[in-house]
Amino acid sequence: WRAGAMKFSLSWLKDHLETDAGVDEIVYALTDLGLEVEEVSNPADRLSDFTIGKVLHAEKHPDADKLRVCKVATDEGELQIICGAPNARTGITVVVAKPGVYVPGIDTTIGVGKIRGIESFGMMASEREMELSDEHDGIIELPSGEVGDRFVDWLAANDPAKVDPVIEIAITPNRPDALGVRGIALDLAARGLGTMKPARTAQITGTGPCPISVTIDEDARAGGCDVFAGRLIRDVKNGPSPQWLQDRLKAIGLRPISALVDVTNFFTFDRNRPLHVFDADKVRGNLRVHRARGGESLVGLDEKEYSFAPGMVVISDDEGVESIGGIMGGLATGCTE
């Protein structure tokens with residue numbers, strides 16, 4: 001096990017823990033238990049001043065082909081806003097940053113200004129400007145919403161993953177149980193902050209032994225790898241993972257890749273069970289968990305090359321090292337679409 005940090009969202013924790021406790025109460029309990037909270041990121045805090053508006057009229061700026069002069073209904077009445085987004089047009093429901101509102105994605109507080117000689121009293125925001133995603137091809141178009149309502153309240157009702165608080169805790173080497181969300185939930189339940197929900201499981205019946213065997217060298221067991229389980233899964237079609245899964249991974253800073261890869265990352269953090277998916281057609285022979293002699297190298301899934309010192313735990317097939325034990329798989333045997 002390694003020391004480090006662990007991130008999880010509030011909704012992810014509540015998948016395992018039945019509790020009415022809020023973020024502040026959970027943060028206090030975690031630190032009191034010895035799981036020191038290093039950071040709490042609450043998107044609602046930075047979005048609280050954005051409101052919902054509606055574009056009543058939009059026309060081309062007289063001195064700029066790519067700009068539009070928009071009349072926007074807001075909670076402070078009709079405002080004139082100059083916008084350069086290609087989708088700015090009459091009739092759409094938008095997110096407005098009025099003068100005085102801080103926009104985190106561009107690190108700017110909005111003021112009243114003149115753009116090519118015409119005054120602008122605010123801006124209509126994209127997702128990237130509010131640090132909700134990398135989307136910046138146009139301003140947000142909401143499918144619903146009342147003029148003047150807080151945008152953060154609309155998100156909480158319609159897209160709660162985007163305002164889900166994320167907690168980061170420091171992990172000391174004696175607390176490997178807290179490297180999974182369920183382990184953290186168990187600790188909080190034991191403290192009286194809620195009750196555990198049953199662990200969801202699925203019973204899958206196999207049709208025979210796995211054709212790729214796994215062995216663990218004796219010297220790799222001591223302080224290295226005690227258990228390694230493998231299973232061959234046939235007839236799988238890979239592609240994008242479901243949106244809820246992508247949202248979970250993005251919340252803790254992981255990049256969604258594909259359904260097969262994302263589900264292994266999910267269980268690594270959800271149940272503290274490091275998983276990796278191999279493309280069985282690319283594995284040569286059988287797998288062996290062992291300590292490196294020193295000098296071996298591997299190109300990981302992140303396309304970076306790693307070299308191993310003597311004693312590091314690695315996983316090899318018959319042709320050489322193809323995974324870093326418990327850390328990362330190799331590019332050569334990774335699953336693609």
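Which residue is the bridge partner of Ser 323 in β21? Select Ser 323 and look across to Gly 329, its partner there.

Before going on, a word about the model. It is predicted, so local features need pLDDT of at least 70 and side-chain atom pairs count only at pLDDT 80 or more, while totals for chains, interfaces and linings use all residues. Residues are numbered from 1 along each chain as its sequence is written, and side-chain values use heavy atoms, with hydrogens and water left out.

**Stop 1: around β20**

Select strand β20, residues 320–324. Strands here are DSSP runs (E, at least two residues), helices are runs of H or I with at least four residues, and both are numbered from the N terminus. Four of the five residues in β20 are buried. Buried means under 20% relative accessible area, exposed means over 50%, and partly exposed lies in between (1.4 Å probe, protein chains only).

Two strands count as paired if DSSP finds at least two bridges between them. Ser 316 stands opposite Val 321 in β20, and a hairpin through two residues joins β19 to β20. On to β21, residues 328–329: two bridges join β20 to this strand, again antiparallel.

**Stop 2: an open sheet**

Next, colour five strands in the order β6-β5-β4-β7-β12; they form an open sheet with antiparallel pairing. β6 (77–83) and β12 (123–124) stand at the edges with a single partner strand each, so one side of each has no neighbour in the sheet. Zoom in on β4 (residues 51–61) and β7 (residues 93–97), which pair over four bridges. Thr 51 stands opposite Val 96 in β7.

**Stop 3: the cores**

Show Leu 13, Ile 26, Leu 30, Ile 169, Ile 184 and Leu 188, which touch the most other members of the largest nonpolar core, a group of 29 residues. Such a core is a set of buried Ala, Val, Leu, Ile, Met, Phe, Trp, Tyr and Cys residues joined through side-chain atoms within 4.5 Å. Elements that each supply at least two residues of this core include β1 (4–9), α2 (23–32) and α5 (181–190). Another core, of 19 residues, lies apart from it; Phe 50, Val 103, Ile 110 and Met 123 are among its members.

**Stop 4: charged pairs**

Side chains of opposite charge can pair when their charged atoms come close. A salt bridge is a side-chain nitrogen of Lys or Arg within 4 Å of a carboxyl oxygen of Asp or Glu, and the whole structure has 17 of them.

Select Asp 15 and Arg 248: their closest N and O atoms are 2.8 Å apart. This pair links distant parts of the chain, 233 residues apart, with Asp 15 in the loop between α1 and β2 (17–18) and Arg 248 in helix α7.

Then try Glu 296 and Arg 293, whose side chains meet at 3.9 Å, N to O. Glu 296 is buried, with a relative accessible area of 11%, but Arg 293 is exposed at 68%. Finish with Asp 75, Glu 76 and Lys 98, which are linked in a network of salt bridges.
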